[in-house]
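I'm opening my notebook on a new structure today.

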Amino acid sequence: MTTKLLTALLLGTSILGTTGMALAEDVTLNIESWRGDDLTIWKDKLIPAFEAKNPGIKVVFAPSAPTEYDAALGAKLTAGSAGDLITCRPFDKSLELFKKGNLTDLTSLPGMDNFSPVARAAWQTDDGKSSFCVPMASVIHGFIYNKDAFDKLGLKVPTTNEEFYAVLDKIKADGTYIPMAMGTKDLWEAATMGYQNIGPNYWKGEDGRLALIKGEQKLTDADWVEPYKELAKWKPYLGDGFEAQTYPDSQNLFTLGRAAIYPAGSWEIGLFNTQAQFKMGAFPPPVQKAGDTCYISDHTDIGMGLNAASKHPEEAKKFLEWVASADFATIYANALPGFFSLNKTPVKMEDPLAQEFVSWRGKCKSTIRSTYQILSRGTPNLENETWVESANVINGTDTPEAAAKKLQDGLDSWYKPAK
Amino acid sequence: MAAQTRPKKPIRWHIGVFLAPAVLVYTAIMILPLFGTLQLSLFRNIEQSQVFVGFSNFRTLFGDPNWSVNFWNALRNNVWFFIIHMLVQNPIGILLAALLSSPRLRFAAFYRTAIFVPTILSFVIVGFAWKLILSPIWGVAPHLLDFVGLKSFFTPWLGKEQYALTALSLVSVWQFVGIPMMLIYAALLSIPDEVIEAAECDGVTGMAQFWKIKLPLILPSIGIISILTFVGNFNAFDLIYTAQGALAGPNYSTDILGTFLYRAFFGFQLQVGDPNMGAAIATIMFLIILAGVCVYLFLVQTRLRRYQF
């Protein structure tokens with residue numbers, strides 16, 4: 001009896017299996033990603049949009065947990081079981097995969113021209129000759145403010161440094177609000193929302209960043225110390241006990257309406273929209289003098305590449321071309337406000353705060369975080385040290401000059417720029 | 001003659017059989033990885049392949065200021081972490097045990113459980129709970145201090161370089177004070193009543209009885225606790241990691257060997273992990289702990305007098 005049942009079952013599965021195969025003449029592409037949060041967006045919006053235009057190609061979005069992604073992907077690539085399309089972390093992690101031959105060179109992919117050199121830099125070889133991932137999204141730094149608070153205190157959005165401190169002084173004098181919601185406990189806030197946020201205005205964006213990589217500028221130069229001097233001035237405007245204030249603390253202080261200004265990254269938009277009960281606005285990092293060119297940190301964060309071992313490279317390339325198109329950009333940017341498409345064609349977005357952020361691209365010059373490309377490969381790690389020193393500067397335990405010197409000394413100890 | 005009459009000793013298989021599971025499991029999950037770590041520390045990854053480099057990683061660790069400054073800082077912090085435990089946790093543990101063993105104390109069982117409960121809590125819970133308690137924004141600590149008029153005494157302890165490590169050590173003391181308490185309590189209970197009664201007949205009571213009779217009798221337990229504290233402290237990692245993150249801020253002031261090892265081995269944020277240097281640090285940690293345990297075993301334990309009843 002049992003044998004019969006078993007045979008029947010086996011037969012059944014084998015038939016089902018073959019019918020499944022017969023139906024699956026469609027090519028199936030698998031996407032590896034760490035963005036589990038985006039699963040519904042991919043399933044409900046992005047993939048159907050692609051499949052409608054490309055019959056015969058099925059796409060499956062298969063994310064793993066962010067903390068496990070790199071290890072899991074590495075293991076899958078070695079075993080040959082990784083998906084056809086691979087979501088790329090920026091800079092060294094993906095570069096390593098490319099060097100190992102896991103990612104295909106996409107320099108000649110038709111859609112690549114839709115992206116600016118800054119956008120492509122995160123997924124290029126050091127010489128900039130080959131690109132291996134299609135840039136998908138970036139995050140922009142700036143300041144989000146409580147519009148209601150500004151209206152109540154009769155404040156105008158600051159554009160220059162002087163106005164910025166005048167606004168902070170007024171908020172402080174009034175006393176209803178904490179002028180600025182930022183803490184130094186988690187360290188990275190001070191570096192990412194502080195130093196990398198206001199810094200590009202001083203080191204002139206890409207010019208300074210590339211000069212630093214080439215070794216023509218040093219972190220001890222005035223352009224690089226100046227942002228630290230500004231950070232040091234922030235201390236009196238932060239909340240009580242900011243030394244032990246964590247990142248979620250800062251977020252909550254702002255969304256509860258207790259703080260007026262929040263040094264931000266655009267990724268906050270989604271969360272703040274759901275939590276804050278007041279109107280919000282945003283302004284780019286203030287410039288030194290009225291009329292100066294402004295620079296913003298428009299940091300490339302996520303891209304997509306092609307697994308070199310993929311069995312369907314042609315179909316996968318078709319998908320990547322679509323990822324590089326304005327079509328994809330529109331759906332993606334609207335589904336995830338705050339993650340901005342890197343496409344040259346401007347994307348129409350519904351969210352007003354996201355619109356405000358992205359509008360700066362038109363009037364300011366974009367750059368990425370100064371420590372991310374090449375400079376954080378050695379020991380001591382420049383990015384980590386920047387976290388520590390930025391917090392030290394705001395806490396007042398290091399002077400801006402001392403902090404800059406420590407960073408440069410650390411960098412000098414291992415980094416020899418190609419002359 | 002005798003050899004002929006005496007039956008041949010049978011091989012006692014059962015000893016091996018009974019030991020096997022423990023030995024095999026322990027070897028597989030403790031001893032082999034330990035040697036694996038020692039081996040890893042002698043290699044270095046050069047152009048995608050592991051190359052034997054002798055003690056070069058250790059020379060880097062102690063010779064290269066980029067590593068050695070961090071290492072000595074971590075070791076210093078770790079020693080301070082240990083000192084706080086020895087000076088605060090163990091005396092308080094002994095005191096609590098002495099109070100608990102007093103026959104006049106009511107609700108002894110309740111106190112015993114309440115004080116021991118934090119020990120079984122996860123580090124994550126302890127870390128986050130104390131982070132919240134001490135938070136200058138939402139924490140209860142500033143309000144409680146306000147009630148007793150000590151508001152000015154409050155500072156964001158976890159965010160200040162000069163206090164953060166001490167504050168965290170005290171949190172750890174809070175969590176683990178139950179262990180010395182329990183061990184000492186057990187030792188105190190095992191002192192026979194005859195000894196105590198004899199002391200009372202001789203007029204040794206109260207504090208004098210504790211210092212002259214009980215304390216010498218529980219010294220071996222105190223020795224065990226000290227060595228447990230030592231091993232625990234030099235292996236510590238979780239609390240610092242959950243409360244301060246892997247960079248052990250502010251300005252590495254709470255960096256201990258565990259967090260230093262973690263950053264080196266697994267990397268952090270943009271820092272790529274270096275398993276070989278990590279293994280070198282782990283080896284040094286192992287040697288420090290080994291040295292401490294040896295000092296205890298050969299110098300302290302042999303001199304402790306034991307009393308048999």
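Predicted model: local features only at pLDDT ≥ 70, side-chain atom pairs only at ≥ 80, totals over all residues.

**Cores**

I started with the largest nonpolar core: of its 153 residues, Met180(A), Ala259(A), Met304(A), Leu320(A) and Ile281(B) touch the most other members. By nonpolar core I mean a set of buried Ala, Val, Leu, Ile, Met, Phe, Trp, Tyr and Cys residues joined through C-beta atoms within 7 Å. Buried means that 20 or more other C-beta atoms lie within 10 Å of a residue's own, with C-beta atoms placed from the backbone.

Residues are numbered from 1 along each chain as its sequence is written, and chains are lettered from A and ligands numbered from 1 in the order in which they are written.

Next I looked up Ala259(A). Leaving out residues up to four places away in sequence, Ala259(A) touches Tyr177(A), Ile178(A), Met180(A), Ala181(A), Gly239(A), Leu253(A) and Phe254(A). I also found a second, separate core of 12 residues, with Phe176(B) and Tyr185(B) among them.

**Chain A meets chain B**

How many residues does each chain give to the contact? Chain A gives 28 residues and chain B gives 22 residues, counting two residues as in contact if their C-beta atoms, placed from the backbone, lie within 7 Å. On chain A's side, helix 17 supplies the largest share, seven residues (helices are DSSP runs of H or I, at least four residues, numbered from the N terminus).

**Domains of chain B**

I looked up the domain assignment, automatic or from a database, and chain B has domain 1 (2-52) and domain 2 (62-303). Their centres, taken over C-alpha atoms, are 33 Å apart.

Terms used
Helix = DSSP H or I, 4+ residues; strand = E, 2+ residues; numbered from the N terminus.
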